[in-house]
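Biologist: I'd like to learn how to read the contact between two chains. Can you walk me through it?

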Amino acid sequence: MVRSSRSNLILGTLVLAFAAAVLALWIPLDTQTGLIEKVRRQVVIGDALAPTVAALFLVLGGGLLVFIERKAPNQPKPSMAGLTFIARLLAIVFVSLLVMRFAGPVAVWTTNAFQGGDLEYRLLRDTAPWKYLGFFLGGTLMISGMVSLAEGRVSRKAVLAAVFAVIVMIFIYDVPFDDLLLPPNGDV
Amino acid sequence: MGTLDYIWMGIQAVFQGPELFSLFGLPISVTIVMILAGFLTGIAVGATPGLAGPIAMAIALPILISVFGYTPDALLPVMGFLIGVMKGATIGGAVPAILFNTPGTPDAFMTTLDGYPMTQRGKAKKALRVAHFASASGDTFSDIVLIVCAPFLALLVEAYLDLPEKTALLILSLSFIAAVIGGSPAKGLISTGLGLLAAYVGTGEDFYPRLSMGSPSLSQGFPIATAVLGVLIIGAVLKELEDLWRRKRDSGEIPAHKDEGDQRLHGADIRRLLPYVGRSALIGTAIGALPGIGSTLAATLGYTVGRARYAKKKRPGAPEFGKGASEGIAATEAANSSVSGANLIPVLSLGIPGNAAAVFLILAAESIGGFNPGPSVFRFTTDSVNPELVIAFGLFTAMMVANVLNWTIGGLFMRSMGVMIRVPKHILLPSVLLLTLTAIYVQETRMEAIWFAVGFGVLGYLMRTVAISPLPFVIAFILGGKLEESARQAFAATGGDPWFLFTNPGAALLMAVAFAVIVFSARKTKEVA
């Protein structure tokens with residue numbers, strides 16, 4: 001936990017360190033032209049200048065935080081418990097997105113394995129019910145998981161609410177349109 | 001083509017655009033219907049704690065673009081919808097503030113101070129009427145100022161500002177936004193720096209996309225929707241969920257208060273409220289015209305000024321300010337509502353967004369194409385029609401149409417929205433998260449965009465956790481490309497003068513002001529500390 005009176009100091013120091021890394025490493029190593037370049041006898045602004053200006057904003061902000069606003073009142077108090085909650089929430093989002101991405105292709109693969117067909121998800125990605133499989137399963141898992149985490153328990157109500165919300169979203173984004181693709185159907 | 005011709009064409013573009021249906025033989029254009037739909041959606045969204053106008057805009061934008069396509073004809077219906085949402089959400093925010101002591105939007109917090117005590121006294125409907133009257137008045141006043149000022153400001157910019165000055169003006173705007181949003185110039189600068197840095201990933205003029213770390217995913221840069229929606233919406237949803245989890249809000253019964261006595265707003269009430277509404281509308285408009293200063297500050301200032309007047313003019317027996325005085329509601333609502341129109345002055349005249357709603361208008365304009373908000377919009381060409389100017393006057397017309405809707409049906413619809421408080425937030429927020437991710441995917445059609453958006457969402461959450469406002473990030477992300485392009489042109493135009501920002505007197509003055517804004521804000525913060 002960051003103590004309230006020192007959170008600005010810690011944040012400022014982290015920002016200064018990040019800005020130093022950007023200026024000393026990221027920009028020189030990952031940009032092909034310098035601050036100012038000579039191209040065909042003309043002096044032009046290089047690709048490194050704009051990110052350098054961005055980093056200078058960070059240096060200025062971090063410096064002000066360390067030297068001027070170090071003892072500002074009402075500094076935030078990020079808590080480890082809150083961060084842990086968000087980490088769990090993000091884990092749910094991560095797993096749900098993986099389910100969303102792979103549920104359709106896995107279902108096709110399983111169908112082929114049992115029925116001996118040679119279906120391809122890519123060819124079915126605009127065909128119901130295949131095109132809804134990943135979005136439905138991943139979306140339901142995401143919403144019901146997050147609701148359950150907020151409630152502190154898994155409930156049937158959370159799953160039903162998630163199913164309802166995902167079906168509404170399918171009706172909003174997919175059913176009325178021929179040219180919109182639900183995730184993950186643009187990738188597979 | 002004269003000025004009046006352009007105004008008339010703008011009005012016609014709204015009323016005589018593609019017809020959706022006819023009513024008693026009268027053709028109803030699709031733009032009018034979209035303004036109405038946006039307005040009603042905005043009220044419902046504003047009245048729902050945990051939702052806000054930008055969320056509705058984020059979710060609706062890809063649908064609207066899919067429906068209307070990428071043609072200039074799509075601009076007015078899509079932007080009309082967004083304007084409707086912006087205006088509806090402004091008045092909708094007052095509903096839960098008055099009825100349930102829960103502000104629907106942050107700037108409605110001051111409304112709770114007098115609104116909820118009025119509800120407790122059985123005057124809920126009257127409080128809602130006062131809020132609606134003040135809000136609609138402030139909003140309309142602000143729009144009139146926008147319509148009058150934006151073209152003049154744009155003409156001044158075009159006439160007197162050359163490339164170095166335009167670059168300096170962008171730097172001044174970014175410095176100003178960094179210094180004033182969130183109350184900490186240091187954190188504002190960090191937010192701005194991060195936004196600029198993100199904007200420069202995978203871009204540049206060289207063959208190799210800079211800062212892309214050799215990754216094909218980064219080499220295309222971050223799509224604007226992922227950065228804007230990630231930081232603004234997903235970050236807010238994550239923070240709200242954490243707060244919700246932290247509070248473990250008791251799900252007790254919402255106390256019911258019965259309305260008693262006269263709930264109407266009489267002429268005498270209006271005459272009594274007008275001085276408060278007038279002062280707050282002026283304050284809100286002046287504050288709104290400066291990019292980045294939010295409606296929360298306007299509401300606070302309007303409320304403070306109203307309280308000072310009330311102390312002198314209070315009738316014997318009338319409730320104290322902050323304890324159920326309708327003047328308090330009027331002062332707050334007029335101030336925060338008058339910010340929205342004036343906030344579009346820097347967008348339309350300079351291309352610099354000042355608030356989240358303006359960011360979405362720019363996003364819509366960039367997605368559809370054919371309209372680039374900025375000084376070039378207001379070129380009153382006489383030999384040929386400037387289509388962007390017609391769109392600009394069409395937008396002004398759309399705003400006035402939304403105002404008419406606000407004055408006529410807004411109050412009625414607003415008073416029926418008390419039910420939105422019952423929408424369970426812990427189910428609503430995860431649904432909004434998935435809706436936002438889906439909205440991003442249908443625009444970008446690649447899973448990478450979703451991962452980027454989640455990443456920006458985490459950044460937005462972390463920024464909120466350490467009290468860094470995400471708005472400078474978003475504005476810097478949008479303006480980053482424009483700033484670099486303007487600097488490149490100015491550099492070339494001055495013959496490669498590296499000091500072009502300081503050798504040109506106008507640019508030097510703007511840079512000095514930018515520097516002074518940061519120094520002054522930092523010193524003020526130090527004094528408070």
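Modeller: Start with buried area, the accessible area (1.4 Å probe) that two parts lose on being put together, summed over both. This is a predicted model, where local features need pLDDT of at least 70 and side-chain atom pairs count only at pLDDT 80 or more, while totals for chains, interfaces and linings use all residues. Residues are numbered from 1 along each chain as its sequence is written, chains are lettered from A in the order in which they are written, and side-chain values use heavy atoms, with hydrogens and water left out.

Biologist: How much do chain A and chain B bury between them?

Modeller: About 6200 Å², with 79% of it on carbon and sulfur atoms. Taking contact as heavy atoms within 4.5 Å, chain A puts in 74 residues and chain B 71 residues.

Biologist: And how many salt bridges are there between chain A and chain B?

Modeller: A salt bridge is a side-chain nitrogen of Lys or Arg within 4 Å of a carboxyl oxygen of Asp or Glu. Chain A and chain B share two salt bridges. One of them pairs B:Arg488 with A:Asp47, at 2.9 Å from N to O.

Biologist: Which parts of chain A touch chain B?

Modeller: Helices (H or I, at least four residues) and strands (E, at least two) are DSSP runs, numbered from the N terminus. Those that each supply at least two residues to that side include α1 (7–30), β2 (42–45) and α3 (80–115) of chain A. The most comes from α3(A), with 12 residues.
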